[in-house]
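Here are my notes on this one, written as I went through it. Have the viewer open while you read.

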Amino acid sequence: MSEYVVELKNVTKRFPGVIALKNMSIQIRPGEIHGLIGENGAGKSTLIKVLTGVYIPEEGEIYVSGERKHFRNPVQARAAGIACVYQELNIVPQLPVVDNIFIGRALKKPSGLLDYKTMHEQARKALAELGHEEIDTHIQCGKLGIGLQQMVEIAKAVSLDAKLIIMDEPTSSLGKQEVEQLMKTVRRLKEKGIAILFVSHKLEELFELCERVTVMRDGAHILTDDVANMTRDKLIQAMVGRTLDNLFPKVFGTKGECFLKVEHLKEAGVLHDVSFEAYGGQILGVAGLVGAGRTETMRAIFGADPLDSGKICVKGREVHIRQPKDAIREGIAFLTEDRKGQGLVLSQAVQTNMILASMRLFKNGPFLKHRQIRGNSEERVHALRIKTPTIDEVVAQLSGGNQQKVVIGKWINTEADIYIFDEPTRGIDVGAKIEVYNVMNDLVRQGKCVIMVSSEMPEILAMSDRVLVMRGGRVMAVIDRDSPHFNQEDIMKAAWGGSLQ
Amino acid sequence: MTNAQGKKKTGLRDILMKLGPALALILMFAVFTIVMPGKFLRVGNLMNVLKQASINCMIGAGMLLCLITAGIDLSVGYNCTLACCLIGVLMNAGVTSPFILIPAALLISTFAGFVNGTLLTRLELPHPFVSTLGMKNILWGVSLLITSSTSIGLYNKGIDSTLALGSETLFSFGLPVSFLVVLVVYAIFHVFLNHTALGRQIYCVGGNAEAARLSGIRSKNVLTAVYTISGLMCGIAGVILAGRVASANPNTGGTYDTDAIAACIIGGASFSGGKGTIWGTLIGALLIAMIRNGLNLMGASNDVQYIVIGAVIILSVTIDVLRSKIEAKARKMAAAE
């Protein structure tokens, strides 16, 4: 019997253009909670997919309880006792709990018909082991909250007699109470002798829950150690491979005139009387909880959604924006939160995406000026340090950070004065984040106006000259950087509906 | 060193892949030449193939635009028929000038296309399948109505100058005028798709309509333009049809839609939008016409032709899927070096 329940030895996995795993090894002991961290693109997802048989590695070995395994598909990995609860749950919301737990391996009676009686029994037992006997196995999964749906997934893994359960960012969509529930469940599983590989971006959860931790960077193993020997700084340093003196390179510009003034914006059920001003040479941070109406406000200003009433002035002149085209003409750029769905045409080349919002500037009558477009794209790719083989590469082939930089290039090409960035650093790694901040700094230095919607409090505090706090489609507060209220507590207070003195 | 070699190798393979449909065309050509010595490979017969391909080429060009936007135009066949019937009806009413007949035919087809686009974008019908399928039936009905469901003979009725587009040939070897027009139109399409803003916007709207809209492209106008152009191409095809068969029959055109779709798909377009070239469509249309012609010469009946064409469509899409897989693998190998 091996010391490890699952062991991965010197595994290498390649993809077009990248090596996703380089000589990666990891050992997981029975019944331990093992943390796995790394930046986006460090290879965590690939590692998970190798463990669960989704990807077949080119080199390296996988051992389960000391026995060499060759997973050819997910079914074999599952049979060997490795289960995974993905960030995006694999739940069919229209089906009852019991069917979700037994999906793909329904029990049958000798007659060939389904044996629901036994299935309900076993499903109830699996849920009870997690401390969730209250879940009715007849109820449709879609009617349960996300936290309970996750429990159903875990119950599925338990009923499969999993030896190792991989949890990929399991807390990312959970509320505080649900996170506590999950942690309790994870500890219960540990007591039963099930090992957990806990993949998370949240260091505090790792410190609270895990015994050992493995750090990955660029597809390779960096370190594995007891959590007790680790500090926050040590982990971050291991993840990014350098000491980050300054995660937020804030540069102060000179406050210019009022570039954007909106008054009494109303959209039935979404925005209730939103008014604010944004100035040139400044970053206006927009903070608030999810659903506070921040994105909706920006979409309305940009003409992406229709407004019921309200006034928008650009540089002191009232403008009428009915569609995004009008907003672009008025010098407004809008980097959307969802870059793949709304920012890029993934099937098209980098250079085509670069001019997507500014074709009018690259036209001669109806004809495109190809030489100028190529020159411009080369320049942007160089200036924004976009990693792409050529400007003819299809955008879908680029990494998230580089895709985001293509979107930024697209908007810089419109020569706008007002740049609305909605969650500009979401889902990109630390290095790319800093480059995005530097782009914002450049814009501010040129006297442009930047509006940054963000859910990351450190980002808001570090980069904003002023902060607009929203809640429920209303402006709760506007706080200047030199105000005594410019701190996390007061901003959160406003975002939760409290008043500031 | 190894890198440069690898690049060269994938480059060659890439070119071979892109030429896949053309190779199929050449292969088919060779097979027919060998199987039917002295019958297939005659200038007169080859010119016949070009003549037969012309209508599909025209309709296919419009269909290609629809497919690039991830849409489809099912009304093309009867739109073409309507243009042809209108010529017949106007002729019966005493109109003989080609300067009235041709513009009238183009206008009515273009208008039908415009309505297709408008229904899709302004009424926000869920998919062009709906609006164009409805339009297909409407146009057929209108054709039946205006012709009183009878075929109108067009030959020797004083409108031969209008029919010239579909019937005349040039030079001693008899190059069909219609195919010459196809080449001109295709050259215009090539420039349009690759070198104009609207052309690139069609690809962008097809790839991601919402991203295009949020980048200031008026996706609805682009789509309306696409279906309007598809209508115009049906009008041109209708004029050619009138000349080719020298009659206006409201019941022709039933298979033109599938033929056009097949030409585009064989030529590399995809139902999921965002890709396809005009030259690929040309090769696709020529391939279909050649298969029809070759099977005809071999004495195969209509039914066999349909079966073969159907198999060719399925085969070409299968090859396309394999091609993408091989390309992905080639990239992986390149990365591994």
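How many salt bridges does the rule find across the interface of chain A and chain B? I'll take that up in the opening point and then move on to the sheets. Keep in mind that this is a predicted model.

1. **The charged pair at the interface.** The rule finds 1 salt bridge between chain A and chain B. The partners are A:Arg299 and B:Glu210, whose side chains meet at 3.8 Å, N to O. The cut-off for such a pair is 4 Å, so have a look at that contact yourself. Polar contacts across the interface of chain A and chain B come to 10 residue pairs, counting those with both residues at pLDDT 80 or more.

2. **Who contributes on chain A.** Several elements of chain A give two or more residues to the side that touches chain B, among them strand 1 (6-15), helix 9 (294-302) and helix 14 (400-412). Helix 10 (324-329), helix 11 (339-343) and strand 18 (367-368) of chain A are also on that list. Helix 11 of chain A gives the most, with 4 residues. By residue class, the side of chain A that touches chain B splits into 16 nonpolar, 12 polar and 7 charged.

3. **Extent of the interface.** The size of an interface is often quoted as the accessible area lost when the parts come together. Here about 2400 Å² is buried between chain A and chain B, and carbon and sulfur atoms give 59% of that. In terms of contacts, 35 residues of chain A meet 25 residues of chain B.

4. Strand 3 (residues 33-37) and strand 9 (residues 212-217) of chain A run parallel, joined by 4 bridges.

5. **Another sheet in chain A.** Again we have an open sheet of 6 strands with mixed pairing, here in the order 16-19-20-13-21-22. Strand 16 (332-335) and strand 22 (474-480) of chain A sit at the edges, and the twist averages 20° from one strand to the next. Strand 13 (residues 282-288) and strand 21 (residues 466-471) of chain A pair in the parallel sense over 5 bridges. Within that pairing, A:Leu284 is opposite A:Arg466 in strand 21 of chain A.

6. **Helices on that sheet.** Helix 17 (residues 488-495) of chain A touches strand 13, strand 21 and strand 22 of chain A, at about 30° to strand 21 of chain A. Helix 15 (residues 430-445) of chain A lies across strand 13, strand 19 (418-422) and strand 20 (449-453) of chain A, running at about 150° to strand 20 of chain A.

7. **Salt bridges overall.** Over all chains the structure holds 28 salt bridges. One of them joins the side chains of A:Lys192 and A:Glu129 at 2.5 Å, N to O. A:Lys192 is in the loop between helix 6 (176-191) and strand 8 (195-199) of chain A and A:Glu129 is in helix 4 (residues 116-129) of chain A, so this pair ties together parts 63 residues apart in sequence.

Methods. Residues are numbered from 1 along each chain as its sequence is written. Chains are lettered from A and ligands numbered from 1 in the order in which they are written. This is a predicted model: local features need pLDDT of at least 70, side-chain atom pairs count only at pLDDT 80 or more; totals for chains, interfaces and linings use all residues. Side-chain values use heavy atoms; hydrogens and water are left out. Two strands pair if DSSP finds at least two bridges between them. Axes are lines fitted to C-alpha atoms, for helices over the stretch in contact, and angles run from 0 to 180 degrees between N-to-C directions. Contact means heavy atoms within 4.5 Å. Buried area is the accessible area (1.4 Å probe) that two parts lose on being put together, summed over both. A polar contact is a pair of N or O atoms within 3.5 Å; within protein, one must be able to donate a hydrogen and the other to accept it, and residues adjacent in sequence count only if both atoms are side-chain atoms. Ala, Val, Leu, Ile, Met, Phe, Trp, Tyr, Cys and Pro count as nonpolar, Asp, Glu, Lys and Arg as charged, and the others, Gly among them, as polar.
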